[in-house]
Amino acid sequence: MNITVFLGSRNAQKEIYETSVIKLAQEIAKRNHTLVYGGAKVGTMGILANTALEHGAKVIGVMPKILSEKEIIHEHLTEVYLVSDMHERKMKLQELADVFIAMPGGCGTMEEIFEVITWNQIGVHQKPYCFVNIDGIYDGIKLYLEHALSQNFMSKENFDKIHFFDSIEALVSSGLLK
Ligand code: AMP
């Protein structure tokens, strides 16, 4: 199975973010899944890729040419797609995925997972997705979604498809990683 992970390109403040990324990489490798991600060697993206590789997982990176210097491309991935822009990157990350996971990250991570959610809402794909809400980082997003639901800006059906897990253990227990 290909697991597409969106996550921060910066180093996180608290250690718990790093340890959860390491745990996720180990779980992906243990199950012989392939990690698909943005292809950077920096920040928590780099930690995820390095740990997955160290544990024998295949790792596919998708990096746009305009970012390949800024984000510092990882040179030791199993496979790299160098794409022309951010749109193509997101298309490729979506095309390759069997499941999408948003780990803690910034605006880039949000943009990517929200596109996955909205593309599901309009029927572009039927793949599952989730937020891993480490240390409550996505509590605000959850609150917003509950409010959007209460104000009828989204359907209950679409709301129910957005899963939140408080830990990698909870993600594993859900069966989403198979
Ligand atoms: P961040 O969560 O902001 O650290 O970004 C995580 C990843 O999302 C990085 O690989 C960014 O290059 C990427 N990213 C940033 N902005 C966008 C965007 N507008 N569309 C898609 N990806 C983005």
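Predicted model: local features only at pLDDT ≥ 70, side-chain atom pairs only at ≥ 80, totals over all residues.
**View 1. The shell around the ligand.** Look around the ligand and you will find 16 residues surrounding it, the closest being Ser9, Glu71, Gly106, Thr109 and Glu111. Sorted by class, this shell holds five charged, six polar and five nonpolar residues.

**View 2. Polar atom pairs between ligand and side chains.** Thr109, one of the closest residues, has a side-chain N or O atom 2.6 Å from an oxygen atom of the ligand. The ligand taken alone would expose 480 Å², and the protein buries 78% of that.

**View 3. Helices at the ligand.** Two or more shell residues come from each of α3 (86–96) and α4 (107–121). Helix α4 supplies the largest share, five residues.

View 4. The ligand takes up the space of the largest pocket, which contains about 630 Å³. Its lining counts 32 residues, and those closest to the pocket centre are Leu7, Gly8, Ser9, Gly106 and Thr109. Strand β1 (2–6) and helices α2 (43–54), α3 and α4 each give two or more residues to this lining, with α4 again giving the largest share, five residues. By class, the lining splits into 15 nonpolar, ten polar and seven charged residues.

Conventions
Residues numbered from 1 in each chain as written. Heavy atoms only, no water. Near = heavy atom within 4 Å. Polar contact = N/O pair within 3.5 Å; in protein donor to acceptor, adjacent residues only side chain to side chain. Areas by Shrake-Rupley, 256 points an atom, 1.4 Å probe, with all protein chains shown as cover. 1 Å grid on protein atoms, 1.4 Å probe; cavity = no way out; pocket = protein on both sides within 12 Å on 5 of 7 lines; lining within 4 Å. Sits in = over half its atoms within 2 Å of the grid points. Helix = DSSP H or I, 4+ residues; strand = E, 2+ residues; numbered from the N terminus. Nonpolar A, V, L, I, M, F, W, Y, C, P; charged D, E, K, R; others polar. Points joined across faces, edges and corners; volume = space filled by probe spheres on them.
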